Amino acid sequence: MEGSMSDRAITEQSGLINLLERGDSVMADKGFDIQDLLVESGVRLNIPPFRQGGRQMTPQELASTKKIAAVRIHVERKMQRIKCFGILAGEIDNTLFDSLEQLVFVCAMLTNFQGALVA
């Protein structure tokens, strides 16, 4: 697909890593291994453990998975709220491209007025 980029390339080129501080933690899915991009900054990558070769997870891996899932649900709920804004649904008109960062920021901030993520 012309013009497509990998998640890793987007992460590298976005400048996000430059905004992270020592001691921060980044949550990602398995297969999105960017640890090498974060290690110099002292940022921790949290990827849920996953089974390999049909083996069972260790008790430590299970505990880690549960801990990450408990936080991840809040991130997923917040992302869903942001996606519900009509201006971000579907394709974005080219004339809005220069304002896209500000549009996403405003939508994210507006979700702060929608009440608690967890009842």
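## Salt bridges

Five salt bridges turn up in a search of the whole structure, which is a predicted model. One of them pairs the side chains of R8 and D36, at 2.6 Å from N to O. R8 belongs to helix α1 and D36 to helix α3 (residues 35-38), so this pair ties together parts that are 28 residues apart in sequence. R8 is partly exposed, with a relative accessible area of 27%, and D36 is partly exposed as well, at 46%.

A salt bridge also joins the side chains of E61 and R55, at 2.9 Å from N to O. Here E61 counts as buried because its relative accessibility is 18%, under the 20% limit for buried residues. R55 is partly exposed, with a relative accessible area of 33%.

The side chains of R72 and E76 meet in a salt bridge of 3.5 Å, N to O. Both residues lie in helix α4, four residues apart, or about one turn of the helix. R72 is partly exposed at 24% relative accessibility, and E76 is partly exposed at 41%. Salt bridges with shared partners also link R8, E12 and D36 into one network.

R8 lies in helix α1, which covers residues 7-14. Apart from residues up to four places away in sequence, R8 touches F32, D33, I34, D36 and L37. The C-alpha atoms of R8 and I34 are 7.0 Å apart in space, although the two residues are separated by 26 residues in sequence.

I34 and L37 are among the eight residues of the largest nonpolar core, together with I17, V26, A28, L38, V43 and L45. In soluble globular proteins, nonpolar side chains tend to be buried together.

## Helix α5

The buried residues of α5 are L103, C107 and A108. Viewed down the helix axis, they fall within an arc of 130°, so they line one face of α5. The cover over these buried residues includes α4 (59-83).

On the face of α5 turned away from the buried side are the exposed residues E101 and F105. F105 lies in α5, residues 100-110, and counts as exposed at 52% relative accessibility. F105 also contributes to a nonpolar surface patch of about 540 Å², made with V106, M109, L110 and F113.

Terms used: Residues numbered from 1 in each chain as written. Predicted model: local features only at pLDDT ≥ 70, side-chain atom pairs only at ≥ 80, totals over all residues. Heavy atoms only, no water. Core = buried A, V, L, I, M, F, W, Y, C linked by side-chain atoms within 4.5 Å. Buried < 20%, exposed > 50% of the residue type's maximum accessible area, 1.4 Å probe, protein only. Helix = DSSP H or I, 4+ residues; strand = E, 2+ residues; numbered from the N terminus. Contact = heavy atoms within 4.5 Å. Patch = residues over 30% accessible without salt bridge, like charges linked within 9 Å, V, L, I, M, F, W, Y side chains within 5 Å. Areas by Shrake-Rupley, 256 points an atom, 1.4 Å probe, with all protein chains shown as cover. Salt bridge = Lys/Arg side-chain N within 4 Å of Asp/Glu carboxyl O. Arc of directions from axis to C-beta.
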